[in-house]
Amino acid sequence: MKLIKCCAVVVSSLLLTACGNDNDDTAYSSVSFSVSDAPVDSADNVVIAFDQLEFIQADGTRIIVAVDEDTAGHNYQQIDLLDYPGSNSALILTDQVLPVGDYKELIIHIEANKALSYVNDSNGTNELKQPSNKLKLGSFTIKDETVQSFTIEFDLRQSLVMRGNIGNNNGYILKPHGVTIIDNDTAASLKGTVDSNLFAVPPCVNDTGNYVYLYEGHNLDSTTLVDNFDADDDEFNNILPVSGSSVPYASTSVDLSTGDYAFGFLPSGNYTVAFTCSAVGDDPVQFDALTIPDPTSQLQKVTLLDSQEVIHNFNL
């Protein structure tokens with residue numbers, strides 16, 4: 001690991017543990033980070049105590065910064081992700097000065113006190129675990145701008161995994177699978193309404209299984225759209241969909257009272273969006289062979305441009 005001499009860069013009383021070298025040409029920008037989520041069907045609360053963010057530059061230099069204090073003065077932020085669906089987000093790091101350039105990894109450090117991070121479901125309160133209290137995410141780039149904002153988007157239907165089952169719950173694990181870093185300057189969004197008549201198309205039941213799935217690309221074969229799974233998980237059962245299947249980029253629930261759905265922070269590009277009324281119990285680890293879309297006509301090509309909101313409604 002490259003060691004560097006710390007310079008006098010202090011912003012909002014946050015300590016920059018590694019901050020530049022002796023090169024006077026190093027450029028810096030001010031960045032902010034927020035968190036948001038796509039809701040999960042198995043939980044009522046998903047609470048995480050965010051402690052620090054660790055930024056790893058392309059050359060291996062590590063910069064560790066404490067998150068903003070909460071309103072009570074704690075040096076962590078305890079956030080229920082389910083309070084921030086769609087385009088809603090919670091700010092956890094404000095106007096932090098960092099070197100411009102490519103970063104190969106962002107690591108979220110979780111507060112070591114296990115009682116501060118938990119999941120509430122039908123069985124009560126359950127421990128939420130992360131190995132070594134860290135969540136390692138992917139790469140991103142800080143540009144030479146005055147201010148740059150990012151959102152860490154949690155697709156909880158992919159990243160939140162129960163160990164055991166409802167009757168024998170061994171707690172939950174939060175994984176990096178399905179967690180993305182989005183530049184707010186270019187983030188697109190997609191939302192719309194699902195006709196309530198689609199909730200009860202036989203053999204579907206009104207109040208279960210109503211979800212919208214998003215896939216990257218156009219001209220996808222509807223018979224190859226599959227549900228969530230994670231072949232890299234230690235408990236994956238090695239049952240895979242057929243070769244050439246399209247895996248979800250993200251998925252989200254439909255509000256039964258309004259029919260609304262929303263994806264809040266998406267990279268621009270071509271996507272296929274599909275509704276299904278039969279996606280109850282989509283296991284984030286195992287392939288379940290769910291029917292998507294259902295009814296089979298309920299899919300549409302969409303193109304998302306930088307900073308654009310697209311509306312697509314599903315009608316019977």
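Where does S196 lie?

View 1. S196 lies in the loop between β17 and β18. This is a predicted model, and in it S196 counts as partly exposed, with a relative accessible area of 46%. Its C-alpha is 6.3 Å from that of G259, although S196 and G259 are 63 residues apart in sequence.

**View 2. N210, another residue of that loop.** N210 is also found between β17 (188-193) and β18 (211-216). Buried or exposed? N210 is buried, because its relative accessible area of 4% falls under the 20% cut-off. Leaving aside residues up to four places away in sequence, N210 touches F199, V205, S253, V254, L256, F275, T276 and C277.

**View 3. The disulfide of C204 and C277.** The structure holds one disulfide. C204 and C277 form it, with their sulfur atoms 1.8 Å apart. The link is right-handed, with 55 degrees about the S-S bond. C204 sits in the loop between β17 and β18, and C277 in the loop between β21 (269-276) and β22 (299-304), so the pair ties together parts that are 73 residues apart in sequence. Both cysteines, C204 and C277, are buried. C277 is also one of the residues that N210 touches.

**View 4. Strand β17 and its partners β20 and β23.** With strand β20 (residues 260-266), β17 pairs in the antiparallel sense over five bridges. Here G192 stands opposite Y261. With strand β23 (residues 309-311), β17 runs parallel, and three bridges join the two. Look for K191 in this pairing: its bridge partner in β23 is I311.

**View 5. The open sheet β19-β18-β21-β22.** Four strands make up this open sheet, in the order β19-β18-β21-β22, and the pairing is antiparallel. β19 (250-253) and β22 stand at the edges with a single partner strand each, so one side of each is left without a neighbour in the sheet. From one strand to the next, the twist averages 25 degrees. Zoom in on β18 and β19 and you'll find four bridges joining them in antiparallel fashion, with Y213 bridged to S251 of β19.

View 6. Another runs from D294 to P295, with omega near 0 degrees. P293 lies in the loop between β21 and β22, and that loop is also the place of P295. Worth a look, because most peptide bonds are trans.

**View 7. The open sheet β7-β3-β13-β16.** Here four strands form an open sheet in the order β7-β3-β13-β16, with mixed pairing. The edge strands are β7 (90-99) and β16 (179-183), and each pairs on one side only. Neighbouring strands are turned against each other by 25 degrees on average, ignoring direction. Strand β3 (residues 28-38) pairs with β7 in the antiparallel sense over seven bridges, and V35 has A90 of β7 as its bridge partner.

View 8. Phi of D95 is near 50 degrees, a positive value in a residue other than glycine. D95 belongs to strand β7 and counts as partly exposed, at 34% relative accessibility. N133 isn't a glycine either, yet has a positive phi of about 55 degrees. N133 lies in the loop between β10 (124-129) and β11 (134-136), and is partly exposed with a relative accessible area of 27%.

**View 9. F55 and the largest nonpolar core.** The largest nonpolar core has 38 residues, and F33, F50, F55, F154 and L160 have the most contacts inside it. Strand β4 (residues 45-57) gives the largest share of this core, five residues. Not counting residues up to four places away in sequence, F55 touches F33, T61, R62, I63, V65, L93, L98, Y103, E105, L106 and F140. Apart from this core lies another, of 21 residues, including L190, V212, F275 and F314.

**View 10. Confidence, and residues 1-21.** The protein chain has a mean pLDDT of 89, and 91% of its residues reach 70 or more. Over residues 1-21, pLDDT stays under 50, and the model has 46 contacts beyond four places in sequence for this stretch. Where pLDDT is low, the predicted coordinates should not be read in detail.

Key:
Residues are numbered from 1 along each chain as its sequence is written. This is a predicted model: local features need pLDDT of at least 70, side-chain atom pairs count only at pLDDT 80 or more; totals for chains, interfaces and linings use all residues. Side-chain values use heavy atoms; hydrogens and water are left out. A nonpolar core is a set of buried Ala, Val, Leu, Ile, Met, Phe, Trp, Tyr and Cys residues joined through side-chain atoms within 4.5 Å. Buried means under 20% relative accessible area, exposed over 50%, partly exposed in between (1.4 Å probe, protein chains only). Contact means heavy atoms within 4.5 Å. Two strands pair if DSSP finds at least two bridges between them. Axes are lines fitted to C-alpha atoms, for helices over the stretch in contact, and angles run from 0 to 180 degrees between N-to-C directions. pLDDT is the predictor's confidence in each residue, from 0 to 100. A disulfide is a pair of cysteine sulfur atoms within 2.5 Å.
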